[in-house]
Amino acid sequence: MTNPLPAWSALQTHYEQIRNEQMRDWFAPANDPAPTRAERYTYAGGGLAADFSKNRINDATLKLLVQLAREAGVEQRRDAMFAGEVVNPTEGRAALHTALRATEPNAPFHAQILAEKAKMAKFADAVRSGAWTGYTGKRIRHVVNIGIGGSDLGPKMVVHALKHLETPELDSHFVSNVDGADLWRVIEDIDPEETLAIIVSKTFTTLETMTNARSMRDWFVQHGCPEDALAKHFVGVSANPAEVVKFGIAKENVFEMWDWVGGRYSLWSAVGLSIMIAIGPQQFDELLAGAHDMDEHFRTAPLEKNLPVLLGMIGIWYRNFFGSQSYLVAPYSEALHYLPSYLQQLEMESNGKQARLDGKFVDYATSAITWGEPGTNGQHAFFQMLHQGTTIVPIDFIAVLTPEHPLADHHPKLLANCFAQSEAMMLGRTEEEAKKIAGPDKPELVPHIMFPGNRPTTTLLVDALTARSLGALIALYEHKVLVQASVWNINPFDQWGVELGKILGKVVEADLTAASGDVKAHDSSTSALIARARAALKR
């Protein structure tokens, strides 16, 4: 792997110097005078705190990583994004998700954003209060968000996380998969007279979303809703209002998306209408405020103390120098159950690229595989591999210090597991320690109960899971993506990789459903799969 930046070469040399050092030695009292390593490597910003001390870094590492960030133009790319410049050159667009939560009157599109948010708030209040009713006059009790990708993952993650703030009069549901089972499991349990569907699609032509939307419209009609009353049960969020109206949604019930906001960055916009209905306009504003807090921290804090920069550059350290292929997000919070899924799209759709901004191909690794599961569930599933496997997987632990539920005696156990896991990952268990545990009668047990340790972790601390702190946490990862994209010299705001499968999918679907036996030419495997499926569909 090569990179022409001087700091990259210096980091490669530095890696060779410290690659075999043990973190447990760095924490030993003789090597950890006051201020302690934990104090030196814990930073705060945007209402969050991050303990980076259990990473395989020292002062020289951080200095070189920050130098690399500067040489790669992280500050310039950051400032260009906030200024509304074209930072998505392949599509000729700005990336102004930060403008959606900006409070400054001179922020890009500020008046337009405020007007759309006011329209959202008026509608959300009407649904929440019961003023907006279905066609029979019953109040809405079920809100079904139909979208996919960024039109689903972000809103679903936030609504689940902030369920303790959700109005009890409403239940939120999310449908994304074109597999009919996804929609069927929702409509089996809801009453069409009390249901509002929000169809979210930038183009209003997305296959999965529109298939589900049409099936839901048919469901309403089959259950007695007149065609001319469907407007009481459908609203649309799109950048293509003509298609929304053509679908049958009233023009006044169309909420606007903009092409300067990518789908995976869009929950702050009208895409978040289901969020606003669930938690209310005031709490939605708090969500935006938390993201703005992190925006300001990212924009103004020195790189040496900048949480998105440090999080992103430490990720570069493991991906490009240690060769780690994946990293784990482990929120010790059931409320954050969908955060790893959300981050999978945010990180891999943004930075899973092979072409640089200049059109040449990279010869170094880009996006790590992002995965995860809430603790403590993961401890009983895949933590075995993290502790004793042959692959080093850096981990982001996320701990919420104050519970959002009344079962307070559970929380010390939850936090104890989180903190103990990071300690165990760092310390491991030496051969001598294993021998003492095994005892003289079972020496054969020693290799099985040894732990290599030296497994890197970062612990992010959230005081309480509020709308504001959640907004800051999401924005932290958004900006981490930009930091890493700047170092890799790639565009994190396009997603051409999702297109080819969509195009071929239409061809294959036509062959699957064609009346005649003739199908278009495919490779032998795909042709055989189509033939088997056609036979099954005709049964």
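Q: What makes helix α13 a helix that lies across strands, and which strands does α13 lie across?
A: Helix α13 (residues 307-322) lies across β1, β2 (48-51), β10 and β11 (457-464), where contact means heavy atoms within 4.5 Å. α13 runs at about 135 degrees to β1, on a scale in which axes are lines fitted to C-alpha atoms, for helices over the stretch in contact, and angles run from 0 to 180 degrees between N-to-C directions. The names themselves follow DSSP runs numbered from the N terminus, helices being H or I of at least four residues and strands E of at least two.

Q: What should be kept in mind about the source of these values?
A: This is a predicted model, in which local features need pLDDT of at least 70 and side-chain atom pairs count only at pLDDT 80 or more, while totals for chains, interfaces and linings use all residues. Residues are numbered from 1 along each chain as its sequence is written, and side-chain values use heavy atoms, with hydrogens and water left out.

Q: Which strands make up the open sheet with mixed pairing, and which are called edge strands?
A: Six strands form this open sheet, in the order β1-β2-β11-β10-β8-β9, and two strands count as paired if DSSP finds at least two bridges between them. The edge strands are β1 (42-45) and β9, because each pairs on one side only. Neighbouring strands of this sheet are turned by 20 degrees against each other on average, direction ignored.

Q: How do you know that β8 pairs with β9 and with β10?
A: Strand β8 (residues 326-332) is joined to strand β9 (residues 369-372) by four bridges in the parallel sense, and Ser326 stands opposite Ile369 in β9. With strand β10 (residues 395-402), β8 pairs over five bridges, again in the parallel sense, and Tyr332 has Ala399 of β10 as its bridge partner. Helix α14 packs on this sheet, touching β8, β9 and β10, and its direction makes about 175 degrees with that of β9.

Q: Why is a β-α-β unit called right-handed, and where does one occur?
A: A crossover is right-handed if, with the strands pointing away from the viewer, the path from the first strand over the helix to the second runs clockwise. β8, helix α14 (residues 339-351) and β9 make such a right-handed unit. In the other sheet, five bridges join strand β3 (residues 142-146) to β4, the two running parallel, and His142 stands opposite Asp171 in β4. The chain crosses from β3 through helix α7 (residues 153-161) to β4, and this crossover is right-handed.

Q: What is the strand order of the five-stranded open sheet, and which strands are its edges?
A: The order is β4-β3-β5-β6-β7, with parallel pairing, and the edge strands are β4 (171-175) and β7 (254-256), each pairing on one side only.

Q: Why is α6 called oblique to α12?
A: Helix α6 (residues 110-129) and helix α12 (residues 281-300) pack at an angle of about 140 degrees, with their axes 10 Å apart. Angles under 35 degrees count as roughly parallel, over 145 as roughly antiparallel, 65 to 115 as roughly perpendicular and the rest as oblique, and therefore α6 is oblique to α12. Residues making the contact include Lys117, Met120 and Arg128 of α6 and Phe284 and Leu288 of α12.
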